[in-house]
Amino acid sequence: MPLAHFPAGSLFQGASGWSRWTALKSAARVRGTPRPTDGKAHEGFARLADEHVFTFAGVCAYTRRGTFGNVALYLSPAAETGATGGATPFDTGALEHGILRPWDSRSLEERWALCASHTHALDRWRASFATWLATHYSAPDRYIESDRGRDDSGLPDRPTATLVELVTHNGSAARVSVPGGRCSDRRAWTWEVRLRDEVSFAHVAALHVPQDLVEDAIAWCTAHAPSAEVVAYEGSPGADTLFAHGQTVVRMLLENPS
C-alpha cells in the first residue's frame, strides 16, 4: 500500500511552490529549533504534529478549510526503511480536535491516551494493517475506494466492535442522525502513517497532477524521483478532486509496484 501526502497549503509551481523543496520535512525540521510552547496546545498532540511528515495509507484523504494545494505525492513503502514514526487506524488530528466520534466529548488527556493505545510502530504497522483489512472487509481492496464521497468511500462492511463505533458515529450515518453535528469522514477508518523528521523525494512513486501540469511534473520527476509515475486528473484542482480520483493512482501502484 502506497502512502499519500498532500502539501495542502502549497501549490506545485511558483516562487513558493513545493516543487522547489529539497524533501518533505516536518515543521520542526523546517524550523530547525525546538517547538515553541504557548501553554495552550496539548503537549503530546503538538509534538506529534510538529515532528512528523503525515501521510495516509492509500488514497489522499486529507482536507481542511482553506486548502489550496493542487498536487498529491504517493510514496513507496521504501520510505519507511530506516525511518521512525508510527501509525494509527484513524486520523489523529480529528481525534485531537474533537471531531472523531464517539470520543469527541472526552478530555484531551483521554484522547491522547486513546491515540497512544492505538499507535503501531512504523516498522510493524503493515502487519497490523493487513490483519485489520482482512478482519473488517469481505473484499479488502474496497479500502481504497474514493468515488463514493468522503463520508462513504471504503466503508468497512464487517467492522468489529471498536470500528462499529467509528463507522456509526462518523460519515454519512452520523450526519443523518445528528444533523449539523461535527463528525469525521472516511478518515475515521483510514490509516494515518507518520514519518519522523524528513522524507526524501527519491521515495516518491507517483505524482497526481492536473492535466496542465503533466510536463512540469515529468521534469520534476526526472530531477528528483526518476522512477515515479505521473498521473493526470481532470476537474477542478484541489483536495476533493485528488481524493475522488485517488483510487486510480493507488490501484496502479498496487498492480505495478516499483
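This is a predicted model: local features need pLDDT of at least 70, side-chain atom pairs count only at pLDDT 80 or more; totals for chains, interfaces and linings use all residues.
Helices and strands here are DSSP runs, numbered from the N terminus. That numbering places S184 in the loop between α7 and β7.

**Stop 1: S184**

Select S184. Its relative accessible area is 3%, so S184 is buried. Now show its surroundings, leaving out residues up to four places away in sequence.

**Stop 2: the whole protein**

Zoom out and colour by secondary structure. The protein has 10 helices and 10 strands. Its C-alpha atoms fill a box of roughly 45 × 45 × 35 Å along the principal axes. Buried residues make up 48% of the 258 residues. The accessible surface comes to about 11900 Å². Carbon and sulfur atoms account for 53% of that surface.

**Stop 3: helix α5 and its rings**

The structure holds 17 aromatic pairs. Begin with W125 and F129. Their ring centres are 5.2 Å apart and their planes meet at 45 degrees, so the pair is tilted. Both residues lie in helix α5, residues 125-136. They are 4 residues apart, about one turn of the helix.

Buried or exposed: which is W125? W125 counts as buried, at 0% relative accessibility. F129 is buried too, with a relative accessible area of 5%.

Move along to W132 and W191. This pair is edge-to-face, with 5.8 Å from centre to centre and 80 degrees between the planes. W132 and W191 are both buried.

Now select W125, F129, W132, Y137, Y143 and W191 together. Ring pairs link these residues into a cluster.

**Stop 4: arginines over rings**

Which residue lies over its face? R186 does, at 5.4 Å from the ring centre of Y143.

For another case, select R150 and F243. The charged end of R150 sits over the F243 ring, 4.7 Å from its centre.

**Stop 5: the cysteines**

Finish with the sulfur atoms. How many disulfides are there, if a pair of cysteine sulfurs must lie within 2.5 Å? The count comes to 0.

Select C115 and C183. C115 is in no disulfide, and the nearest cysteine sulfur, that of C183, is 20 Å away. C115 counts as buried, at 2% relative accessibility.

Then select C221 and C60. C221 is in no disulfide either; the nearest cysteine sulfur, in C60, is 16 Å away. At 4% relative accessibility, C221 counts as buried.

Methods:
Residues are numbered from 1 along each chain as its sequence is written. Side-chain values use heavy atoms; hydrogens and water are left out. Rings of Phe, Tyr and Trp (its six-membered ring) pair if their centres lie within 6.5 Å; planes under 30 degrees apart count as stacked, over 60 as edge-to-face and the rest as tilted. Helices (H or I, at least four residues) and strands (E, at least two) are DSSP runs, numbered from the N terminus. Buried means under 20% relative accessible area, exposed over 50%, partly exposed in between (1.4 Å probe, protein chains only). A charge sits over a ring if NZ of Lys or CZ of Arg is within 6 Å of the ring centre and within 35 degrees of the ring normal. A disulfide is a pair of cysteine sulfur atoms within 2.5 Å. Accessible areas come from the Shrake-Rupley method with a 1.4 Å probe; for residues, only the protein chains shown count as cover. Contact means heavy atoms within 4.5 Å.
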